[in-house]
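Q: Hi! Could you walk me through this structure in plain words?

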Amino acid sequence: MSAEPDGPEDRLRRFATIWSRAVFPVTSTSSTRPEFEEQLLPLAGRLSDALRARTFDADEGRAVGAALVTAHCTDPEALSRSLDCVDAYLVLYCGGSGDQQDLRVRASRLQHAMAAGFAQALRERTLAEQEAISAAALKAQGVVAQALHATEARFRAVFEGAAIGIGIADLEGNILQVNGALQRMFGLSEQAMRSRNVMEWTHPEDAPQTWRLYDELVCGEREHYHVEKAFSRPDGTVLWTNLTVSLLRDADGNPQYQLALMEDTTERRLLNLRLRYEATHDALTGLPNRTFFFERLEKALGAGQGQRFGLCYLDLDGFKTINDSLGHAAGDRLLVEVADRLQSCTTAPGEMVARLGGDEFVALTTGPETEREVDELAARIMNALVAPISVDGRELTVRGSIGIVEGPAGERSPAEVLRSADITMYRAKSAGGNRFELADPEADARAITRHGLTTALPTALDRGEFFIEYQPLVHLGDGSVRGAEALVRWLHPQHGVLGPDRFIPLAEHTGLIVPLGRWVLEQSVRQARDWRERHADAGPLRINVNLSPCQLTHPGLVQDTVDILERTGIEPDALCLEVTESALIGADDDLLKPLRRLAEMGVDIALDDFGTGYSNLANLRRLPVSILKLDRSFTQSMQQFPADPVDLKIVEGIVSLAHSLNLTVTVEGVETGAQAEQLRILGCDTAQGWYYARPGPPDRLHELALVDATG
Amino acid sequence: MERPAWAPRSIDISVPSVSRIYDYYLGGSHNFEVDREAARKAMEFLPGLPKIMQANRAVMRRAVRFAVDEGITQFLDIGSGIPTFGNVHEVAQEASPGAHVVYVDHDPVAVAHSQAVLAGNDAADVVAADLRKPQEILASPQVQRLIDLNRPVALLLVAVLHFVEDADDPYGAVAELRDALAPGSLLVLTHASYEGIPLPPERAEGTVAVYKDIRNPLIMRSREEIARFFEGYDMVEPGLVPMAAWRPDTAPEDEDPHAFSGFAGVGRTA
């Protein structure tokens, strides 16, 4: 700017410079001081003009005051300094040659107006800015609220729509909010739920730790816990839940709320219970089944010091007969009634009854007093069976045999206990049934051996543990060896040689008798062939083989025998099959048919152990039998001298009868020469016994036959 | 719908805001009593705070003009706060009509106010975002609309990095932004520091404590630490210097001594 030195413009510029230097330090402008001076220069001009105007207008002062605010001189100090400048320099630099007194008055009035204008402008600016910032704050809150609203709406939808029950409570347990799923689970309205306290929701089935976990959580010692918990619904039903409770903390980490998430597991639980029930209960009687019983027995046997157990193993006597004669449906109804009666016998705590299968039941009692209690329990059971059971209009009398095992916990396994009970029950049954017996270790041991033999039998045949001994059959007339009886033996790896009385009944029971019998027959027939080949001169030797009742009814008997004879290439008359008298008692034609066919082929049939059963002499006629073997009980009585004349008469009569029916008579158990002589006199045909030879290997018979031939 | 009792409120004007405190220092009335109270407390320790803020504004103004002189017409101002006067868009659009300006702040009130101020200005806009999440800034529709990242940009980080704690990795954020800029872009940065304050350090510490109290810690960094923000930039003359010493328009002796507090610098991407 070019101005005439000390001319009006120059003087105005100097005023503006002074002004800007005074005010600049207290402004907030981001302009530089020279820039700020440029802003003040027009204001200075206006003041200058107003000072010297023909007509004075103080409003110019107001405008300048307002303009200061616009130039960001908002600090009151800026006004103060501006007024100081105007007061000191305006008239001096801009007054010109006017009346000094008048100029001073005008300058003063301009200052008043500037102050008013500044104040007004500052007030307006302040209000405007306050309004602007409040509007901004409101708007921002609106934006945030909207965003929050959207988020909240989403969360609310999740909360409300969740299939899982959600509830929020404060740390005192007051319920603040619940979602729809939770209301439906509890069957309560939101209002009703919100008036409740979490701690009211105790339930008898609460696990012991449930409320301890709760306390820890509300104290802030635990962040969350998970339990299975039951709740009572207002309708009295039970709600089962998988419950997860979490602690919610505020921004400073202080515990604030508890959040519960609940899954309704009632149905699943019921299903589980039902499945568990079905897996552990007998479908027919509803009693606990074998699985359940074993669990309980195991628990009872695992109980601590001083605890005992008592077990009654019940098997109904003659149930098979009822089943066979009245049918399974009737049998089932009988079992249901028995089950009901047994159930009523075991009502005390620690007692239970279970059905193991078929007509086998067990009752268990536990505690420290079972020594006495188990006897009472058995007596109650026997008593419960006394009254006849009505099935299909028939009054059936049911009896049972009970094996009792009682003892301290912690000594035996469930299987051992049950086996002992089983054995004892059989003992009761063999003693005639309708009774109970107490387990006896010695009887157990015997039975356990029998049990062991039974299980070892099948492999024994495969392993070749059986062998055959032969006992000669001697002709009483001339003392010659006419044949031998084949007697099977078992060379048991642990028990040594076992006689047929030890294992044949077991083999009968398990059905192994059929393959075993076939094996014996085959071996014996081969042996007979060997003898015939080697000692053709010694006469036609015959082999006697025993047939068990089971073999007798086996449909393959005839075919097997024929096959073996043919394979061996030997005549049927080299074979005699021995059948016990008891096996043929009441035999009908069907049973006799295979024997008849064998007899027709030429196989001899001997009636073994004759005289032990209820011998039906009249029946002898229709049996396809050619030999009678008198039981050893007849010969035993002849060991003393003189022999009992009655016995002698009986034997004589039998022999006479036999001969008249064209039967030959063999006697067993001959032990002395006197016996042999007596029997010869009575007319017996052949004999066997220790007097001649004990059963032995086939070679011994060979020797015996040679002796006989040479002697 | 009823607001759940546990839902947090996210705008709380009862909590002081650094943007509004800044406005108060600059003589504005875009503030509330809580802000003024905090500002007054801070000023008890450092009465020259308004001068420091003024120096910030002044150096920013000089730097924007420098950028316009360099041919830059796009400005990204992060941590812009409450627009009072002498804002980037005013300075830039005065020097280069039509220059594009995008303001960024994480204070929703500052953003709302900026929207009001910028209403009708098509070349300027504001983004509610956080310096600590540069990708959100760069991906915002406003930046997409107004800033062409293939051309040089002036990135302004004026009086903002000293509010980002090391735990939030300010260096990483600055580097991420740098990597998004075209060659020839400028970084305009000012930062608080104990260095240059014309008072004993314990006075400045009093101010730092006030900011800590309002949960907006003020992180004072050394010149060396501030210089590390310019990694990958070539420093523009005169380098990283006290604010008033950066390309001053007037003789430094005219400046208030507080204007030499903290540092200012401009860097250029290669």
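Q: Okay, what share of the 711 residues in chain A is buried?
A: Buried residues account for 34% of chain A. Keep in mind that this is a predicted model.

Q: And how many helices and strands does chain A have?
A: There are 25 helices and 21 strands in chain A.

Q: Let's look at a sheet. What is the strand order in the open sheet of five strands?
A: In chain A the order runs β7-β8-β6-β11-β12, and the pairing is mixed.

Q: Why is one side of β7 and of β12 left without a neighbour there?
A: β7 (351–357) and β12 (435–438) of chain A are at the edges of the sheet, and each has a single partner strand, so one side of each has no neighbour in the sheet.

Q: By how much are neighbouring strands of this sheet turned against each other?
A: On average by 20°, with direction ignored.

Q: In what sense do β7(A) and β8 pair?
A: β7(A) pairs with β8 (residues 360–367) of chain A in the antiparallel sense, over six bridges. Within that pair, A:A354 stands opposite A:V362 in β8(A).

Q: Which strands does helix α10 of chain A touch?
A: Helix α10 (residues 290–301) packs on the sheet and touches β6 (308–317), β7 and β8 of chain A. The direction of α10 makes about 135° with that of β7(A).

Q: What about helix α13 of chain A?
A: Helix α13 (residues 370–384) also packs on the sheet, where its contacts are with β6, β8, β11 (399–408) and β12 of chain A. The angle between the directions of α13 and β6(A) is about 20°.

Q: New topic: how many residues does each chain give to the contact between chain A and chain B?
A: Chain A gives 30 residues and chain B gives 32.

Q: Which element gives the largest share of chain A's side?
A: That is α5(A), with 17 residues. By type, the residues on chain A's side are 14 nonpolar, nine polar and seven charged.

Q: Last one: which residues have the most contacts inside the largest nonpolar core?
A: They are B:A154, B:L155, B:L156 and B:V188, in a core of 88 residues. Helix α3 (residues 49–69) of chain B gives the most to this core, with ten residues. Leaving aside neighbours within four places in sequence, B:L155 has contacts that include B:L76, B:L177 and B:V188.

Q: And which residues does the second, separate core include?
A: That core has 59 residues, among them A:Y470, A:I513, A:I605 and A:L628.

Notes: Residues numbered from 1 in each chain as written. Chains lettered and ligands numbered in written order. Predicted model: local features only at pLDDT ≥ 70, side-chain atom pairs only at ≥ 80, totals over all residues. Helix = DSSP H or I, 4+ residues; strand = E, 2+ residues; numbered from the N terminus. Buried ≥ 20, exposed ≤ 12 C-beta atoms within 10 Å, placed from the backbone. Pairing = 2+ DSSP bridges. Axes fitted to C-alpha atoms, helices over the stretch in contact; angles between N-to-C directions. Contact = placed C-beta atoms within 7 Å. Nonpolar A, V, L, I, M, F, W, Y, C, P; charged D, E, K, R; others polar. Core = buried A, V, L, I, M, F, W, Y, C linked by C-beta atoms within 7 Å.
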